[in-house]
Amino acid sequence: MRRATSTSATLEAPLLKVRELTCSFGPGCSYCADRDAILERNMCPRCGTIHALRQVSLDVYPGEIIGIVGESGSGKSTLMRCICFDQQPSSGSVTTGLVENGTVDLLACSPQQKRAIRNTIFGMVYQNPWLGLRMDFSALSNIAEQMIASGNRKVEEMRTRGLSLLEQVNIPLRRASDPPREFSGGMQQRVQIAKALSNNPPILLLDEVTTGLDLSVQAKVLDLILRLRRDLDVSMVVVSHDLAVIRMLAQRTSVMLDGKVIEQGLTDQILEDPQERYTQQLVHSLL
Amino acid sequence: MNALLRIEGLSKSFYLHEAGRTICGCRDIDISVMPGEFVGITGRSGSGKSTIQRSIYRTNLPHAGAIWYDSMQFGLLDLTKASERQMIHLRRFEIGYISQFLKALPRTTAYDTVLQSALDSSPEGGLEWARAETERLLRHFNLAEDLWGLYPLTFSGGEKLRLNIAAAMIKEPRLLLLDEPTASLDNSSKLKVRELIEQLKQGGCTMLGIFHDLEFMEGLCDREFNMHEGFMVA
């Protein structure tokens, strides 16, 4: 028996479209308003405005993991924060076919709509678990909180779902009632992932989720991410400064420098035939 | 009959920013591969053989020329201009790549490496079908059953190669790229690879292979090209 659908399938549309996202901190001036202005890294030499993101565009397709690499300060985390409404960008748009068939710019939605989208379409996992978890609530309550935010009021259902998610991310169920502040860094990240998955979001945003973890714990988190993509078919945007992480997870990769995407392509092409000077430096730094 | 693959005037060079130098990969390459044919490319290390293969697979970005591939999904497509999504689709369903190096996920057993490849290319086949195919291919390529549950990191070169081939072949690729699969293998392992290639050929698989070893190629290829310093010389 052989495949029946692969030959007739057409390539699907992007699940998430980010277009010309720009995020600046400062007053701006006529000089840096020009998109071709030469900045000192990402700072305007005339007015001192920091241009954290400059016309960043990105497509995320169903079931794919896309990697974003770049050094600290390149704009990776700002990009993630803008997509999930933690940070208001200066301009640009974010659309998804899951909301009004992609005709609505999510960034222009009302705060209530944004909260609903954030709770049901995006799952965000931060580098610092303190940003994503309530450290004094139990692990189970953290998950329930996310489900309550999306309108669920059925206690038993939330409890069952919470336990199932904790099991999926390999948290011993005897620890379900313990607060994450008593967990190791790797366990905290896995509770964050369980919380992010609580409402079955089709898009997971993972910001440096393995940074600071020791190698064996890092391996467990990476294996978990791959398993979730395989089993749940979740699309993911994975931000990392670690090319080894990107190599393992992502099919396509964008390289960021000073707020801009300077290069994008298939991950193996980026790693083996990097075109830009910075990307070559990055690849040659790979241990 | 139309060629499955037609390379026209392919050139690829690598610019190294730090060194300020351009390295020539290959220049003005023209090759056609007909369906079911096994075309071999020979040449010394650094002659540009792998650059051609990697340009087809888009691990390298060609600078000039065209690589026409007759895709089941997209029709006649220039791989140098195909989108990343198209290339991902082709890699998943139509074009296989086998090198001497094993590209397996860490902490994944030999069995799961092949199983995942089956599920990836034919998700509609289901787990039961994928398991049966995995076991059939692992047996077919003589990978001892007591190795199936182990991580391939510890395998010998020959075992890794057979696993590589099983993972690639389970996808039933229309075009198989063989990138020096016999390099670093001993003679008995080379013979096994030769047998495998003969089997693939009998099965009608279209292949473009590059090899150091001229003796190995003898009697195996339908046509053969030789490369020297980035150019096709014969």
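Two residues are taken to be in contact when heavy atoms of theirs lie within 4.5 Å. With that in hand, the fold of chain A in this predicted model can be read from its contacts: among those between residues at least 6 apart in sequence, 67% join residues at least 24 apart. Chain A contains eleven helices and nine strands. Its C-alpha atoms fill a box of roughly 60 × 50 × 45 Å along the principal axes. A compact globule of 287 residues would have a radius of gyration near 19 Å, so the 20 Å found for chain A agrees with that expectation.

Of the 287 residues, 53% are buried. The chain exposes about 12700 Å², and carbon and sulfur atoms supply 49% of this area.

Strands of a sheet pair through backbone hydrogen bonds, in either a parallel or an antiparallel manner.

What, then, covers the faces of E6(B), and which residues lie on each side? In a regular strand, side chains alternate between the two faces of the sheet. On one side of E6(B) are B:Ile95, B:Tyr97 and B:Ser99, and on the other B:Gly96 and B:Ile98; all are buried, so defined by a relative accessible area under 20%. Both faces are thus covered, and the strand, residues 95-99, has five of its five residues buried.

Moving along the sheet, E6(B) runs parallel to strand E7 (residues 175-179) of chain B, and five bridges join the two. Within this pair, B:Ile98 stands opposite B:Leu178 of E7(B). E7(B) is also joined by five bridges to strand E8 (residues 206-211) of chain B, again in parallel. Here B:Asp179 stands opposite B:Ile210 of E8(B).

The buried residues of H1(B) are B:Lys49, B:Thr51, B:Ile52, B:Gln53, B:Ser55, B:Ile56 and B:Tyr57. After H1(B) comes B:Arg58, which has a positive phi, near 70°.

Methods. Residues numbered from 1 in each chain as written. Chains lettered and ligands numbered in written order. Predicted model: local features only at pLDDT ≥ 70, side-chain atom pairs only at ≥ 80, totals over all residues. Heavy atoms only, no water. Helix = DSSP H or I, 4+ residues; strand = E, 2+ residues; numbered from the N terminus. Rg over C-alpha atoms; globule rule 2.2 N^0.38 Å. Buried < 20%, exposed > 50% of the residue type's maximum accessible area, 1.4 Å probe, protein only. Areas by Shrake-Rupley, 256 points an atom, 1.4 Å probe, with all protein chains shown as cover. Pairing = 2+ DSSP bridges.
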